[in-house]
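Welcome! Take a moment to look over the sequence and the model, then try the exercises with their worked solutions.

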Amino acid sequence: KTFKIAVIPGDGIGNEVTAEGVKVLDTFAAIKGNIQFEYTYFPWGCEYYLKTGNMMDVNGIEVLKGFDAILLGAVGDPSVADHVSLHGLLLKIRQEFNQYINLRPVKLLPGAPCPLKDKGPEDIDFVVIRENVEGEYSGVGGIRFENRPEEIAIQTAVFTRKNTEKVMDYAFKVAQKRNKFNKVTNVTKSNALNYSMVFWDKIFKEIAANYPEISTETNHVDAVSMYFLQRPESFDVLVASNLFGDIITDLGAALQGGLGFAASGNLNLEKEFPSMFEPVHGSAPDIKGKGMANPIAMVWTVKMMLDFLLEDEDTAAIIEAITQVLLEGKSLTPDLKGSAKTHEVGDAICEKLKGL
Ligand code: NAI
Ligand code: MG
């Protein structure tokens with residue numbers, strides 16, 4: 001079977017890591033023999049914006065509809081305001097394609113550096129389900145009396161019953177499937193956010209009632225941040241709003257060795273539209289063009305894409321190949337105290353993959 005993949009390398013290190021992701025996809029396909037990937041590249045991002053005034057083609061959403069999946073590097077450049085680049089491409093695709101689930105595994109691989117000295121791979125292994133199309137990032141709001149002393153900025157969070165129910169339900173399904181502790185942690189802030197998060201907790205309870213075999217825990221997001229450091233081993237599945245999920249997954253990334261390890265899938269579970277896969281990190285302007293970017297997050301992202309496209313195919317070999325490279329310690333980027341280039345790490349992972 002041939003899968004049509006739309007590739008949006010984007011800006012900065014997005015380009016550098018995407019090339020390695022594609023390399024691993026092709027290696028995986030060559031080993032399997034019965035699948036193929038056909039790539040179409042889109043030069044969208046900040047450079048495109050500076051030339052055309054748009055982050056993506058005006059009919060970009062229409063064009064992307066024909067693909068099986070979208071692989072995205074990262075967007076953002078100091079030459080364009082971040083809210084323009086983010087809303088013009090990334091958030092637009094997530095929302096237009098109703099990719100309402102952002103699935104973010106937090107798993108420490110053997111050989112990856114964990115800042116918690118007394119914790120190991122057996123302690124750090126959970127997933128965050130982040131609501132991905134509404135909430136605090138719905139884009140609703142406005143500015144009045146701009147640049148006057150009485151200036152007001154309003155940013156409204158939007159939570160719908162339909163979407164919240166689907167997100168919660170997916171979290172419980174993931175807990176069932178993982179079968180680790182059969183536990184879902186609800187990340188909230190309903191003490192202060194007396195409408196949105198009270199609603200969020202209510203829907204959580206309603207959906208939990210359908211899964212009596214899954215235990216639940218509800219914690220405020222600030223406490224969850226502390227527990228990530230104090231007792232990461234207690235987590236299995238967490239469900240969080242768009243903003244909270246965004247923040248706690250960078251903290252989660254730190255637990256698993258840094259942003260160079262954090263992968264994500266923006267999922268439309270019904271497959272009405274293509275889903276999009278991207279590393280959690282941004283375009284890292286501070287290291288762009290130097291071959292210093294760690295491509296592991298992107299390689300892991302590609303594995304998530306494969307899991308979504310080929311439901312019953314075993315892709316564990318990709319994680320195994322990454323682990324072998326980490327344990328060997330020869331091909332590591334500077335964030336891991338190595339001196340290898342991005343492409344050398346990608347090559348090393350492909351070599352290991354071929355040997356498995
Ligand atoms: P960032 O994730 O780009 O970088 C944060 C820090 O982590 C930097 O020191 C960077 O060098 C390092 N880092 C990130 N990925 C790395 C990798 N693969 N290997 C080694 N080091 C890595 O976040 P920052 O600095 O807040 O944002 C930079 C730009 O990226 C901004 O324009 C921002 O809007 C955009 N951004 C885009 C995202 C996306 O496309 N999904 C997500 C986050 C930020
Ligand atoms: Mg983020």
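Predicted model: local features only at pLDDT ≥ 70, side-chain atom pairs only at ≥ 80, totals over all residues.

Residues are numbered from 1 along each chain as its sequence is written, while chains are lettered from A and ligands numbered from 1 in the order in which they are written.

**Exercise 1.** Describe the overall build of the protein.

Step 1: Start with the secondary structure, which comes to 11 helices and 12 strands (DSSP runs: H or I of at least four residues for helices, E of at least two for strands, numbered from the N terminus).
Step 2: The radius of gyration, taken over C-alpha atoms, is 20 Å, close to the 21 Å of the globule rule for 356 residues, so the protein is as compact as a globular protein of that length. That rule is 2.2 Å times the number of residues to the power 0.38.
Step 3: Along the principal axes, the C-alpha atoms fill a box of roughly 55 × 50 × 40 Å.

**Exercise 2.** Find the annotated domain.

Step 1: UniProt, in an unreviewed entry, places "domain: Isopropylmalate dehydrogenase-like" at residues 4-349; such annotations may be inferred rather than shown by experiment.
Step 2: This span is 40% helix and 22% strand, and its end C-alpha atoms lie 23 Å apart.

**Exercise 3.** Which helix gives the largest share of the shell around ligand 1?

Step 1: Among the 22 residues around the ligand, Gly 76, His 281, Gly 282, Ala 284 and Asn 294 come nearest (a residue is near if its C-beta atom, placed from the backbone, lies within 6 Å).
Step 2: With three residues, α4 gives the largest share.
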